[in-house]
Amino acid sequence: MPSAFERVAGILIVWAVLAITLFAGPARAEQRIALIIGNAAYSAIPSLDNSANDANDMALTLTELGFRVTLGIDRSREEMLDLIAGFGAEARTADVALFYYAGHAFQVSDSNYLIPTDFNPVNLEQAAADSIMLDVALNALAEAPGLKIVMLDACRDNRNQIPGVRDGLARVGSAADFLIVYATQPGAVASDGKGRNGTFTGALLHHIRTPSQDISEMMIAVRKEVIAQSGGLQIPWESSSLTRRFFFDDGPPTANSDTMLYQAAVRSWDKSLMNLYLQRYPEGVHAGDILAMLTEGKTANTQLRSIGPDEESGEQLWQLAQRNRLRPLFESYLNTYASGPHADEARRILAEMPPDADQDPARRCELQANHPRDGTETTPGVPFELLARNSVAAIRDCEEAVRLNPGQARYLALLARAYAASGLRDKAVPLFEQAADQGDLRAMVSLALIVETGDGAEKDPAKAQALFEKAAAAGSPDAAINVAIPLLDENRSAADHKRGIALMQQASQSGAAIATFNLGLLARDGKFGTPADARALFERAAREGEPRAYREAAYLLAEGHGVAKSGLEASKYLLLGVASDDGSLLQELTAPGQSWPKDTLVEMQRRLGRVGLYSKGFDGLPGPALKQALEKWRNGGFNASALGS
């Protein structure tokens, strides 16, 4: 069993809980353009490892999302100015204009400067003259009549490189319909990353393809991942004056990566994907199913026998690979679809992706000791019990990571967790304290749980509360939830309830799906906002990875609770929930005496019939035929076309 400080903060508030689609592509009616610049090979200051990769990958992704892209790699000052001027002219007729820059940058007197590759300053005045003010790009964008998006992964560490300048970028205001995104908070330094991409751009690439997610939600997901990857020391910011929502991919909602990977593994019956699932999601809702398949083979579920790889599953696997950017996914695509439409692109990506054997100690430390609540698409969380079994290797790699990366609190916190898992609490606690003092959010929360319970240190509830408050103020959603839950007790005052809800909102805005889900429950029950707010909250919680939220959204629609009644829409969310949860919803829908409205079940049968999984009459009755169809749907039969209107 995990120790007390490993428990998940605020996993569920107990108020009255009622018991993957293909990439469809964005609408092409609007004109989308992008200018992408990535500078890495500098002549007079240190080169960067990943900014050219970042720019190339962003250019490819945006092209696939319907943008007409101009790409510049390692450009001089004059070349950058020419690109920006041409972009400004093109922007005059664009509905969406996006400028992305990766490379060195600096600020002087609250003005930001982008650094071309031929930059070679001898003093502050020359530094400004050799650079390009961000205002030049902003003025070019201002020509666009529609949305204007600026993304700056340009806050690398410039200390001792440019005389008299400040690190990071200054936050700037903007006119209407601008969104300016910074890789980290004003004045701070962003990481160039240890893999192919910088920390910020890597997170952006993981989330930019999520269908039905507007750009504000996307930035919440990106921020959550970057905070987790950096221990809270890098926090992406944005300045928005947008007057409408924008979706990079306005296709129908998708299940989360957990479910998409399970579907791909079952359809292809690829054991490497099954093992990847267990590595990525050792406590995932489908982990038991995967283990049964690996040990019992196809006899583990007879419903799988009629389902195999096809064009639909190939597209599903490809979209999963693009979102997660994991080597085994691209390899599986090539193994199963060697002549598929994306085979050449898969080979190119694999050729540029470093093998796992080339990982340095810091990366191995992250993969072995990362906390489950900090898991990302490329760095899964490791349960405490699994870390305990592999603690010797984790300690070795994390000790080396600390030695090679002095001053990086994240590796101190990971080493502390590895020591704790091995039973060496006397070594773990001082390291948690050291990492917490240096600002690592996970270390603050872990240390708070230790002193709250006395598990490994002297019990000190007051110190625990102070640590939770400090971590919450610094942006930890887990800490905010821990502080919020006692305040929301029905016996607390109205002022406490108000603060508790504000903290839950803060955690939700930091990407905590459980916080968003709990706000939905509160809205449904009239304790926060209005019942009409609950649907949007449940939909967002589901996109963030809380599968129970599909069921709650379906209930609102099926019953017309605070929203317009719609059995058609309710059936869509029920199918997403059946595919995504631990099997509970499937059992509920097919149990004798279930109480879902008949019209909703009829619509669900019709959707399943549309993709060949249900062939009986559309009677709205939960008989054996419906159960069999739902089992096939959940276990490899997911088909996006069933979810259309």
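This is a predicted model: local features need pLDDT of at least 70, side-chain atom pairs count only at pLDDT 80 or more; totals for chains, interfaces and linings use all residues.
Residues are numbered from 1 along each chain as its sequence is written, and side-chain values use heavy atoms, with hydrogens and water left out.

Labels next. Helices (H or I, at least four residues) and strands (E, at least two) are DSSP runs, numbered from the N terminus.

Back to our pair, then. Strand E1 (residues 32–38) and strand E3 (residues 96–102) run parallel and are joined by 7 bridges; two strands count as paired if DSSP finds at least two bridges between them. In general, strands of a sheet pair through backbone hydrogen bonds, either parallel or antiparallel.

So what order do the 6 strands of the open sheet come in? Reading across, you get E2-E1-E3-E7-E8-E9, with mixed pairing. Strand E2 (67–73) and strand E9 (237–240) are the edges: each has a single partner strand, so one side of each lacks a neighbour in the sheet. From one strand to the next, the twist averages 10°. For angles here, axes are lines fitted to C-alpha atoms, for helices over the stretch in contact, and angles run from 0 to 180 degrees between N-to-C directions.

Now, what sits on the sheet? Helix H2 (residues 77–91) packs on it and touches E1, E2 and E3, with a direction at about 170° to that of E1. Contact, by the way, means heavy atoms within 4.5 Å. Helix H5 (residues 199–207) lies across E3, strand E7 (147–153) and strand E8 (178–182), at about 135° to E7.

Let me stay with E8 for a moment. E7 and E8 run parallel, joined by 5 bridges, and Lys-148 has Phe-178 of E8 as its bridge partner. On to E9: there E8 pairs in the antiparallel sense over 4 bridges, and Tyr-182 has Trp-237 in E9 as its bridge partner.

Are the residues of E8 buried or exposed? Buried, 5 of 5, where buried means under 20% relative accessible area, exposed over 50%, and partly exposed in between (1.4 Å probe, protein chains only). In a regular strand the side chains alternate between the two faces of the sheet. In E8 both faces are covered, with Phe-178, Ile-180 and Tyr-182 on one side and Leu-179 and Val-181 on the other.

Helix H7 (residues 257–268) has 12 of its 12 residues buried, so the rest of the structure largely encloses it. What do those buried residues of H7 pack against? Helices again: H8 (271–280), H9 (287–296), H10 (311–324), H11 (327–336), H25 (567–580) and H28 (624–637). Just after H7, Trp-269 takes a positive phi of about 50°.

Over to the disulfide. A disulfide is a covalent bond between the sulfur atoms of two cysteines; the rule used here asks for a pair of cysteine sulfur atoms within 2.5 Å. By that rule the count is 1. The partners are Cys-365 and Cys-398, with their sulfur atoms 2.1 Å apart. This pair links distant parts of the chain, 33 residues apart: Cys-365 is in helix H13 (residues 361–369) and Cys-398 in helix H15 (residues 391–404). The link is right-handed, with 95° about the S-S bond. Cys-365 is buried at a relative accessible area of 0%, and Cys-398 is buried at 0% too.

As for H15, its buried residues, among them Ile-395 and Ala-401, pack against H13, helix H14 (384–389) and helix H16 (409–422).

H16 brings us to Arg-410, which is placed in that helix. Arg-410 is buried, with a relative accessible area of 7%. Leaving aside neighbours within four places in sequence, Arg-410 is in contact with several residues, including Glu-366, Thr-379 and Asp-440. Its side chain also makes a polar contact with the side chain of Asn-370, at 3.3 Å. A polar contact is a pair of N or O atoms within 3.5 Å; within protein, one must be able to donate a hydrogen and the other to accept it, and residues adjacent in sequence count only if both atoms are side-chain atoms.

That's the tour, thanks.
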